[in-house]
Amino acid sequence: MRRCANLALWRIFVMVSMTVTLVGVAALLGVVLMRGLPALGPALLFGDVSPLAAMTGAVPVWDGIWPACAGTFALLMVALGLAVLPGIGCGIHLALFASPRTRVLLGLAVDLLAGVPSIVMGLFGFTLLLALRRTVAPDASTGLLLASVCLALLVLPVLVVTTRGALEALPAQLRLTGAALGLDTWGRLRHLLLPAAGRGILGGVLLAAGRAAEDTAVIMLTGVVASVGLPAGLGERFEALPFTIFYLSSQYRDAVELQRGFGAATVLLVLSLTLLAGAWLLQRVLERKWRGVPPVSPCQGTSEDIR
């Protein structure tokens with residue numbers, strides 16, 4: 001009887017927790033969408049400039065958030081380009097090749113890096129800029145590259161941890177199967193282990209992209225501004241949606257500007273959903289390509305998953 005009562009209480013606790021979480025998320029999304037959807041339209045993105053002229057850069061956009069969208073996309077691509085290969089490579093090394101001592105030391109370093117607040121990472125980027133000015137690059141300034149480097153360091157632990165977890169969750173029988181087939185270490189990694197852990201690794205890339213797209217503290221100290229137009233280069237300042245939302249919500253002068261802030265927040269949500277959909281499509285493509293090896297997530301590591 002006591003065990004049944006404890007089980008019933010646990011189920012009630014789980015249901016209440018799920019309800020609170022779902023209600024909180026629904027309330028947050030509801031407020032943003034109710035205030036932001038009416039603001040969506042060409043005027044929000046391009047102002048009074050024609051969409052074609054704005055997207056090609058023929059006419060600068062000063063009253064829309066299109067430069068912020070382009071800056072966010074450029075920032076995301078550069079940051080992921082700097083972080084994905086080192087992050088996945090470090091996760092592979094920790095899961096498969098590192099000695100116990102190296103695994104402990106490198107894992108501790110990754111954990112410490114994961115605990116660094118984003119504002120501290122922004123201060124690191126600003127300090128790095130000052131050091132460059134005083135040494136090898138007197139003309140260095142804040143810009144897209146500096147912000148991307150800091151964001152890459154910020155999301156690197158996510159990639160390392162998810163890649164390591166996805167590979168360590170694979171059953172030992174899979175590695176033995178590769179050896180029995182005559183595959184060397186890199187052959188097993190390429191043809192068996194990475195395809196099987198692809199879902200977990202893609203999940204890590206998605207998490208890293210989401211954090212890089214929404215972070216504000218890092219870019220505030222490393223190059224973002226309120227109005228500068230389309231990104232002109234890696235060393236130039238840029239606009240980004242997170243800072244645009246922060247600026248409009250804290251400095252708005254009338255209800256129209258506040259409405260633009262909610263519209264920018266809605267666009268950022270749409271961007272996050274687009275990343276999610278792209279990751280899902282990529283996952284399906286990889287599953288079709290490696291049809292013989294079903295994907296294994298970090299929470300799925302039983303031998304029944306590998307046929």
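**Salt bridges and a bent helix**

Glu 257 is buried in this predicted model, its relative accessible area being 14%.

Student: Which residue meets the side chain of Glu 257 in a salt bridge, and is that residue buried or exposed?

Tutor: Glu 257 has a relative accessible area of 14%, and buried means under 20%. Its side chain meets that of Arg 253 in a salt bridge, at 2.7 Å from N to O.

Student: How many salt bridges does the structure hold?

Tutor: Side chains of opposite charge can pair when their charged atoms come close. Another is Arg 164 with Glu 168, at 3.0 Å from N to O. The number of salt bridges in the structure is two.

Student: In which helix do Arg 164 and Glu 168 both lie, and how far apart in residues?

Tutor: Arg 164 is partly exposed at 23% relative accessibility, and Glu 168 is partly exposed at 41%. Both lie in helix α7, residues 144-168, about one turn of the helix apart, that is, four residues.

Student: Where does α4 bend, and which proline follows?

Tutor: The bend in α4 is about 30 degrees and is at Ala 83. The proline that follows within four residues is Pro 86.

Key: Residues numbered from 1 in each chain as written. Predicted model: local features only at pLDDT ≥ 70, side-chain atom pairs only at ≥ 80, totals over all residues. Heavy atoms only, no water. Bend = angle between axes of the 7 residues up to and from the residue. Helix = DSSP H or I, 4+ residues; strand = E, 2+ residues; numbered from the N terminus. Salt bridge = Lys/Arg side-chain N within 4 Å of Asp/Glu carboxyl O. Buried < 20%, exposed > 50% of the residue type's maximum accessible area, 1.4 Å probe, protein only.
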